[in-house]
Amino acid sequence: MTVALISRGYLAKTLILGSKNVGKTTFRRRLSIQLEGYESIKDIVNDFDVGFGSRTFFVRGKTITVQFWELASHEGQVPHLPEMYMEAAHMAFILCDVTNIKSIESIPYLVTDFWAYNGRGIQPIMILLNKADLLENWNQIKKLASFDYRDWIDFLPEMQAECLIDVITKIEPVLNRMGLNLGFTPCSALKNHAIITSARFLLKELLNLTEYQNRRNPLEIGDQFDQF
Ligand SMILES: Nc1nc2c(ncn2[C@@H]2O[C@H](COP(=O)(O)OP(=O)(O)OP(=O)(O)O)[C@@H](O)[C@H]2O)c(=O)[nH]1
Ligand SMILES: [Mg+2]
């Protein structure tokens, strides 16, 4: 008789958002261990061009499978996010391209949409300032390896730094009120810079949020993850 080993764990559904050409697909592919067959999910949901990936992490004694859903964006506009994908998401990566101010300016809109539609309200986000390898002082920046923007924002070109401070001012206080931190880091597909550590950061924030909410309302246990 064969005994199936069923591993219990958690599922954290994660969106990968960002305007056109910021590097979402590259990021998703590098982060994912592709599950056979799932790449063809595009065929099933071809209305929206959704890319899928998945990877399992072990964080604070919990095995958590992270599903990544990348939604297509359209030239020159903040992508319209189909509600069916937003609804059940636990957390989101928000990507921008550090050389493209417009993509930085779109961040607050993406975050607002995510919080408005996911069905749980304010959930953890990690902002990735992608293509940081294109910056002049990338060699200095990459050594900082910090998710706290106060450590590296002065290394950015002035326009980008100003734009980012504006974004941070809008988003950070909202997260702080939920006991969450804003994760915000330069990132590059080259050498997988900050890719796995960003996923771990998000998961820790998600666990913090779950604990925070359970403390506030001890009867409502564990609805942050779908157990499988
Ligand atoms: N220099 C540099 N180029 C990158 C990086 N990540 C992605 N790219 C390049 O940026 C271009 C767009 O990358 P994609 O991953 O297709 O971006 P996307 O956001 O999925 O694009 P759309 O789905 O069309 O909106 C490609 O030419 C990538 O090779 C990075 O970290 N550094
Ligand atoms: Mg793409």
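Visitor: How do the residues of the shell around ligand 1 divide into nonpolar, polar and charged?

Guide: Read a shell by sorting its residues by type. In this predicted model, the shell around ligand 1 holds 8 polar, 5 nonpolar and 4 charged residues.

Visitor: How many residues surround ligand 1, and which are the closest?

Guide: There are 17 around ligand 1, and the closest are Gly23, Lys24, Thr25, Thr26 and Ala189. Helix H1, residues 24-31, supplies the largest share of this shell, with 3 residues.

Visitor: Next, helix packing. At what angle do helix H5 and helix H7 pack?

Guide: Two values describe a helix pair: the angle between the axes and the distance between them. For H5 (residues 107-117) and H7 (residues 158-177) the angle is about 20°, and the axes lie 9 Å apart. Angles under 35 degrees count as roughly parallel, so H5 and H7 are roughly parallel to each other. The crossing of H5 past H7 is right-handed.

Visitor: Which residues make the contact?

Guide: H5 contributes Ile107, Pro108 and Val111, while H7 contributes Val167, Lys170 and Ile171. By type, 5 of the contact residues are nonpolar, 1 is charged and none is polar.

Visitor: Now a single residue. Is Phe184 buried or exposed?

Guide: Burial is read by counting neighbours: a residue is buried if 20 or more other C-beta atoms lie within 10 Å of its own. Phe184 has 27 within 10 Å, so Phe184 is buried. Its place is in strand E6, residues 183-186.

Visitor: Which residues does Phe184 touch, not counting those up to four places away in sequence?

Guide: Phe184 touches Ile127, Phe147, Tyr149 and Ile168. Leu129 is 55 residues from Phe184 in sequence, yet their C-alpha atoms are 7.4 Å apart in space.

Note on methods. Residues numbered from 1 in each chain as written. Chains lettered and ligands numbered in written order. Predicted model: local features only at pLDDT ≥ 70, side-chain atom pairs only at ≥ 80, totals over all residues. Near = placed C-beta within 6 Å. Helix = DSSP H or I, 4+ residues; strand = E, 2+ residues; numbered from the N terminus. Nonpolar A, V, L, I, M, F, W, Y, C, P; charged D, E, K, R; others polar. Axes fitted to C-alpha atoms, helices over the stretch in contact; angles between N-to-C directions. Parallel < 35°, antiparallel > 145°, perpendicular 65-115°, else oblique. Left-handed = near helix turned anticlockwise from the far one by under 90°. Contact = placed C-beta atoms within 7 Å. Buried ≥ 20, exposed ≤ 12 C-beta atoms within 10 Å, placed from the backbone.
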